[in-house]
Amino acid sequence: MKPQWTGALALAASAVAAVALAHNGATGVVLERMNGMTAMRDTVAELAPMMQGTVPYDTFIVSEGASVIAGHAGETMLSLFPEGSLEGVTYARPEIWSDWQDFAALAEELKTYADALAVAAPNGLEPALPPPGDMAGMDHSAMAMTPAPQGDEGFTIAELMGYGERPPEVQVARGTSDPATLASDLTTLAADDLFTRISATCSSCHSQFRAGRN
């Protein structure tokens, strides 16, 4: 069952307004990276309802949105964090530079997943599980009886982008292997699977390296 993002559009609008206010006073490379983060969050807000299935899925928009995220990730992102750039209005933590290898790995992981989504957009969404009635004619003799799964809890845009608490089982949705070695396989995945990986990577990065919640 795919995650549900309740009230995503309204939350996205308020989040973008908050970011615009927070950017007042930022200059130089700090402003540039804030604008990049805003662009990625705008894209997540646009794509989330499609991944939820509450608006029609559009392959072109998904692919273009993924390219936007990829364009702000990887080396592009890293270039906007010169060592010690903590002056003025910034939410960057000093841990970015003390744990640079981890930060760089997350930036590259985000780009890998976003590049894969740009290619995999035509794959569409993971098929929904059939409703119980559709299983009436099936042979259940070999099926083990297991408890019914609990419904997925909705995630806000803030949670998707790492500004809210998320359950541990969601946070480990990030790949445990170097995603660069999985690039060819990633393009065979459903779009919402890759989108979940993107949002989990963002969440992990923000929880470690971003101060504040606005």
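User: Which helices each supply at least two residues of the lining of the second largest cavity?
Analyst: In this predicted model, the helices that each supply at least two residues of that lining are H2, helix H6 (100-120) and helix H10 (191-209).

User: How many residues line the second largest cavity, and which lie nearest its centre?
Analyst: The lining of the second largest cavity consists of 12 residues, and those that lie nearest the centre are Met77, Leu110, Cys202, Cys205 and His206.

User: What classes are those lining residues?
Analyst: The lining of the second largest cavity has 10 nonpolar and two polar residues, with no charged residues among them.

User: How much space lies in the second largest cavity, and how many cavities of 30 Å³ or more are there?
Analyst: The second largest cavity holds about 80 Å³ of space, and the count of cavities of 30 Å³ or more comes to two.

User: Switching to H2 and H3: at what angle do they pack, and how far apart are their axes?
Analyst: Helix H2, which covers residues 28-52, packs with helix H3, residues 59-72, at an angle of about 155 degrees, and their axes are 9 Å apart. Angles over 145 degrees count as roughly antiparallel, and H2 and H3 are therefore roughly antiparallel to each other.

User: Is the crossing of H2 and H3 left-handed or right-handed, and which residues make the contact?
Analyst: H2 and H3 cross in a left-handed sense. On the H2 side the contact is made by Gly36, Ala39, Met40, Thr43, Val44, Glu46, Leu47, Met50 and Met51, while H3 contributes Ile61, Val62, Gly65, Ala66, Val68, Ile69 and His72.

User: And what is the contact of H2 with H3 by class?
Analyst: The contact of H2 with H3 has 11 nonpolar residues, together with four polar and one charged.

Note on methods
Residues numbered from 1 in each chain as written. Predicted model: local features only at pLDDT ≥ 70, side-chain atom pairs only at ≥ 80, totals over all residues. Heavy atoms only, no water. Axes fitted to C-alpha atoms, helices over the stretch in contact; angles between N-to-C directions. Helix = DSSP H or I, 4+ residues; strand = E, 2+ residues; numbered from the N terminus. Parallel < 35°, antiparallel > 145°, perpendicular 65-115°, else oblique. Left-handed = near helix turned anticlockwise from the far one by under 90°. Contact = heavy atoms within 4.5 Å. Nonpolar A, V, L, I, M, F, W, Y, C, P; charged D, E, K, R; others polar. 1 Å grid on protein atoms, 1.4 Å probe; cavity = no way out; pocket = protein on both sides within 12 Å on 5 of 7 lines; lining within 4 Å. Points joined across faces, edges and corners; volume = space filled by probe spheres on them.
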